[in-house]
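Subject: Structure handover

Hello,

The structure is below for your files. My notes on it follow.

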Amino acid sequence: MNPQRELEKQALVAKAAIERETARLQWQQFKSASRPEALKSELVQFGADKIAQAMPNASGLFSLLEKYPYISLRVAKSLLSLTASRHRLLKPIAIGLASWFIAKRFRK
């Protein structure tokens, strides 16, 4: 047999093995990323990022709420009542919002 031909066959076999291993690792990574817990955490993180972007001037909002403490109390109570929800996505978002609002508003 031709030694050059034998080396080419070995290189092709090694390349195929590498591609199979790469595909297996990508499948494992995809499978672990598509678990419900991972999807839920990604969704919650996405929501938290969007809320943070939507409220860049939180100090202005809280200074307005200082003028009307009853509104501030109603917002806090509403957020806390949402934390008792049984909805799988609403509950963690409500807990995050309530803790953020209460920590920012009543820190002083």
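Glutamate 21 is partly exposed at 35% relative accessibility (buried is under 20% relative accessible area, exposed over 50%, partly exposed in between; 1.4 Å probe, protein chains only). This is a predicted model, in which local features need pLDDT of at least 70 and side-chain atom pairs count only at pLDDT 80 or more, while totals for chains, interfaces and linings use all residues. Residues are numbered from 1 along each chain as its sequence is written, and side-chain values use heavy atoms, with hydrogens and water left out.

The side chain of glutamate 21 meets that of arginine 24 in a salt bridge, 2.6 Å from N to O (the term requires a side-chain nitrogen of Lys or Arg within 4 Å of a carboxyl oxygen of Asp or Glu). The search of the whole structure finds 1 salt bridge. Arginine 24 is partly exposed, at 42%.

Tryptophan 27 is partly exposed, at 49%.

Core and surface

The largest nonpolar core has 5 residues: Leu65, Ala76, Leu79, Ala98 and Phe101 (buried Ala, Val, Leu, Ile, Met, Phe, Trp, Tyr and Cys residues joined through side-chain atoms within 4.5 Å). Helices H4 (69–82) and H5 (90–105) each give two or more residues to this core.

Leu43, Phe46, Ile51, Leu89 and Ile93 make a nonpolar surface patch of about 380 Å² (residues with over 30% relative accessible area and no salt bridge, nonpolar side chains of Val, Leu, Ile, Met, Phe, Trp and Tyr joined within 5 Å). Helix H2 (residues 36–54) contributes the most, 3 residues. Leucine 89 lies in the loop between H4 and H5, and is partly exposed at 33%.

Whole chain

The chain has 5 helices and 0 strands. Of its 108 residues, 12% count as buried.

Regards

Definitions and conventions:
Helices (H or I, at least four residues) and strands (E, at least two) are DSSP runs, numbered from the N terminus. Patches are made of residues with over 30% relative accessible area and no salt bridge: like charges are joined within 9 Å, nonpolar side chains (Val, Leu, Ile, Met, Phe, Trp, Tyr) within 5 Å. Accessible areas come from the Shrake-Rupley method with a 1.4 Å probe; for residues, only the protein chains shown count as cover.
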